[in-house]
Amino acid sequence: MESQVRGGTRWKRFAVVMVPSVAATACVGIGLAQGALAASFSVSGQEFKVKAEHLEGWGFAQYGGLDSGYTSTEGDKKTQRPVAISSFDRAEITKMCQSVKTEIPLIGKSIYLRLEAGPDKDHKVEAKNLYIDVAQLDADATFTNIDIGVAAGDKTRGPALKDPSVKPGAFAQQAEKADLRGVEQTAWATTAGTFKLSGLKMRLGADPKMECF
């Protein structure tokens, strides 16, 4: 990876949620330890999976945060989880699949909820002011005019910082455009100003194959 990245830069199977250097990881870790990064709402005790053939986003920014939420579906205990907050002014997604697995103790089975949308290039998922609180992500990624190591408070791309408690000097990265293909990610929360799901299909069942990946 070049020390200064301009134009379209591509990393094969680049984990976007991971900051691109040891120093950057340390900066985010220090912010979490000091309680500088906070969640904007309480999340459930279940992470979910999202798969997409293609995600094209404009006005991209990413920085570290903490999601405060429940440790399980019981809802009796809470915890804080470190996440990478990926945000976009606008995004279009093709062949999106979202799934969540829920254990049903009384019947000893798992139930899967699967959602599909954006079946082709003429019927995409469209989102504005999109925030994704990501735990893990794999994709083929191309960034246009990327800045790595920009101060969160001085970033010029992407929607406003998700949480006002993010320190203005905290590590962030931004790009004019992010083009992700073969996306597989787990996340704790998604927030959007608008979220248009063309060709929406939702199914509930007990077959493990209903998981997106």
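User: Before we start, what counts as buried here, and what counts as exposed?

Analyst: Buried means under 20% relative accessible area, and exposed means over 50%. Keep in mind that this is a predicted model.

User: Okay, so where does C97 fall, buried or exposed?

Analyst: C97 counts as buried, because its relative accessibility is 6% and the cut-off for buried is under 20%.

User: And which residue does C97 form a disulfide with?

Analyst: C97 forms a disulfide with C212, and their sulfur atoms sit 2.0 Å apart. C212 is buried as well, with a relative accessible area of 8%.

User: Remind me, what is a disulfide?

Analyst: A covalent bond between the sulfur atoms of two cysteines.

User: Let's talk about β3, then. Which residues does it cover, and how does it pair with β2?

Analyst: Strand β3 covers residues 78–104 and pairs with β2 in the antiparallel sense over 20 bridges. One spot to look at is Y63, whose bridge partner in β3 is I85.

User: What stands opposite Y63 in β6?

Analyst: That's A172. Strands β2 (residues 48–70) and β6 (residues 171–191) run antiparallel, joined by 14 bridges.

User: Back to β3. How many bridges does it make with β5?

Analyst: There are 9 bridges between β3 and β5, in the antiparallel sense. E92 has E126 as its bridge partner in β5.

User: And how does β5 pair with β6?

Analyst: β5 (residues 125–151) pairs with β6 over 17 bridges, again in the antiparallel sense. For an example, find Y131: its bridge partner in β6 is T191.

User: What about β4, how is it joined to β3?

Analyst: By 9 bridges, with β4 (residues 109–117) and β3 running antiparallel. Q98 stands opposite L115 in β4. The two strands form a hairpin with 4 residues between them, and G108 in the turn has a positive phi of about 65 degrees.

User: Switching topic: how many residues are in the largest nonpolar core?

Analyst: The largest nonpolar core has 27 residues, and F88, F143 and V183 have the most contacts inside it. β2, β3, β4, β5 and β6 each supply at least two residues of this core.

User: Which strand gives the most to that core?

Analyst: β5 does, with 10 residues. Apart from this core lies another one, of 10 residues, including I85, Y131, A152 and A172.

User: Now the outside. Which residues form a nonpolar patch on the surface?

Analyst: L113, M202 and L204 do, with about 310 Å² of accessible area together.

User: Where is L204 placed, and why does it count as exposed?

Analyst: L204 is in strand β8, which covers residues 201–205. L204 counts as exposed because its relative accessible area is 64%, and exposed means over 50%.

How values were computed. Residues numbered from 1 in each chain as written. Predicted model: local features only at pLDDT ≥ 70, side-chain atom pairs only at ≥ 80, totals over all residues. Heavy atoms only, no water. Patch = residues over 30% accessible without salt bridge, like charges linked within 9 Å, V, L, I, M, F, W, Y side chains within 5 Å. Areas by Shrake-Rupley, 256 points an atom, 1.4 Å probe, with all protein chains shown as cover. Salt bridge = Lys/Arg side-chain N within 4 Å of Asp/Glu carboxyl O. Buried < 20%, exposed > 50% of the residue type's maximum accessible area, 1.4 Å probe, protein only. Pairing = 2+ DSSP bridges. Core = buried A, V, L, I, M, F, W, Y, C linked by side-chain atoms within 4.5 Å. Disulfide = S-S within 2.5 Å.
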